[in-house]
Amino acid sequence: MMKMWNSSMASYASPPALGGISFSSQRQRISARTCRRHSPSSSSLTRSPSSSSRCFRTCLSLATTSATMPYHPTSDAIATIRAALEEDAGDAGDVTTLATIPMQAKANATMIAKSNGTVAGVQVAQWVFDEVDDQLDVKWNVNDGDQVKTGKIIASISGSARAILVAERVVLNYMQRMSGIATAARAMANAAKPARVLETRKTVPGLRVFDKWAVLLGGAENHRMGLYDMVLIKDNHIAAAGGIRQALDNTEVYLANQSLDIPVELETRTLEEVREVVNLWGQHKHLKRIMLDNMVKRVDGGGVDTTMLEEALAILKPLMDDGLETEASGNVDLDTAPAIGATGVTFVSVGALTHSVRALDVSLNIENV
């Protein structure tokens with residue numbers, strides 16, 4: 001049955017006078033876990049209606065992707081999708097589609113890559129289609145994390161013409177953004193080797209899990225998910241606490257009092273601060289990583305000077321041999337990443353992966369009926 005959104009109602013219903021899309025209270029909350037009983041038997045994700053398809057759609061196997069959705073304690077993927085659909089539908093639904101397309105009209109559509117890149121958002125798009133109309137027949141020709149070239153048919157969709165049109169923009173918004181992030185992440189991960197590339201918390205509010213998932217699908221890695229899963233002591237924390245030692249001391253007391261066992265990262269900006277960390281090493285058991293911020297300088301002609309970063313790493317070498325991780329940040333792009341990655345730093349963090357994403361061009365076209 002097609003589910004039409006009516007924002008005055010809080011549930012999915014049969015098509016009302018004001019078409020739109022709404023939500024069934026019976027639908028399960030999606031998690032990052034895989035339902036092993038319903039893994040696709042081939043590399044192509046195909047979902048066709050059947051008596052047993054409901055669990056398959058809800059638990060659509062993520063084993064076919066290169067990375068599962070990252071965990072966040074308060075995030076709900078389906079709630080995020082529903083909010084996007086509700087935002088689009090407003091209080092009257094898709095008035096253009098309702099005005100021009102008969103309720104029983106059927107259509108076939110294809111989703112096509114219009115530029116080269118890494119696909120991400122296949123699973124999210126499937127959830128959107130299912131939320132709009134669980135009778136749509138969606139056949140995926142790619143998996144999340146696959147690389148595509150211009151002209152590749154990503155998916156074929158058939159079913160209610162109204163449902164396809166209602167889902168179209170939300171599907172494309174997610175897939176274009178996530179694929180753009182994944183494409184950039186793959187390029188940066190390749191450029192920075194052997195260092196490992198991280199994104200940051202510079203994500204679109206409400207889309208952090210999807211943004212960070214796209215980073216994983218591109219072959220890079222996640223930094224902390226939020227303020228809750230790592231202590232990251234930056235320059236403003238140090239200034240407010242009264243110095244590096246005081247900030248670290250206060251942190252150990254807090255973690256002990258709260259019975260928290262989470263890693264601590266400390267930002268340094270000068271070689272003097274790096275040396276202070278060396279002097280404090282071993283006194284703060286949760287200190288696991290040092291950020292070396294803006295220790296790379298651009299030079300005329302497009303080159304990069306990594307002298308300060310290399311000096312900092314040399315100072316930290318005994319600590320690195322003892323398990324300390326290092327992270328370079330600032331002035332990182334595809335041109336500078338190779339030189340930065342070659343210094344021996346553990347991680348390179350790049351906020352631009354998510355805050356300055358260039359969407360991958362993907363279109364959805366309905367065939368003439």
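Is N331 buried, partly exposed or exposed? With a relative accessible area of 29%, N331 counts as partly exposed, where buried means under 20% relative accessible area, exposed over 50% and partly exposed in between (1.4 Å probe, protein chains only).

1. **What you are looking at.** This is a predicted model, in which local features need pLDDT of at least 70 and side-chain atom pairs count only at pLDDT 80 or more, while totals for chains, interfaces and linings use all residues. Residues are numbered from 1 along each chain as its sequence is written, and side-chain values use heavy atoms, with hydrogens and water left out.

2. **The chain as a whole.** The protein chain has twelve helices and 15 strands; helices (H or I, at least four residues) and strands (E, at least two) are DSSP runs, numbered from the N terminus. Of its 369 residues, 51% are buried. The accessible surface is about 16,800 Å², with 49% of it belonging to carbon and sulfur atoms; such areas come from the Shrake-Rupley method with a 1.4 Å probe, and for residues only the protein chains shown count as cover. Among contacts with a separation of 6 or more, 73% are between residues 24 or more positions apart, a contact being heavy atoms within 4.5 Å.

3. **A pair of helices.** Have a look at helix α9 (residues 271–280) and helix α10 (residues 307–321), which pack at an angle of about 5° with their axes 10 Å apart. That makes α9 roughly parallel to α10, because angles under 35 degrees count as roughly parallel, over 145 as roughly antiparallel, 65 to 115 as roughly perpendicular and the rest as oblique. The axes are lines fitted to C-alpha atoms, for helices over the stretch in contact, and angles run from 0 to 180 degrees between N-to-C directions.

4. **Who meets whom there.** From α9 come L271, V274, R275, V277 and V278, and they meet M308, E311, A312, I315, L316 and L319 of α10. The residues of this contact divide into nine nonpolar, no polar and two charged. Here Ala, Val, Leu, Ile, Met, Phe, Trp, Tyr, Cys and Pro count as nonpolar, Asp, Glu, Lys and Arg as charged, and the others, Gly among them, as polar.

5. **Aromatic pairs.** The whole structure holds two aromatic pairs: rings of Phe, Tyr and Trp (its six-membered ring) pair if their centres lie within 6.5 Å, with planes under 30 degrees apart counted as stacked, over 60 as edge-to-face and the rest as tilted. W127 and W213 form a tilted pair, 6.2 Å centre to centre with 45° between the planes.

6. **The edge-to-face pair.** Y174 and F210 are 5.3 Å apart centre to centre, with 90° between the planes. Y174 lies in helix α5 (residues 161–192) and F210 in helix α6, 36 residues apart. Y174 counts as buried at 8% relative accessibility, and F210 counts as buried at 4%.

7. **Backbone spots to check.** Most residues other than glycine have a negative phi, and most peptide bonds are trans. A cis peptide bond joins K193 and P194, with omega about 10°; P194 sits in the loop between α5 and β7 (196–198). N294, not a glycine, has a positive phi of about 55° and lies in the loop between β10 (287–293) and β11 (297–298). N331 also has a positive phi, near 60°, in the loop between β13 (325–329) and α11 (337–341).
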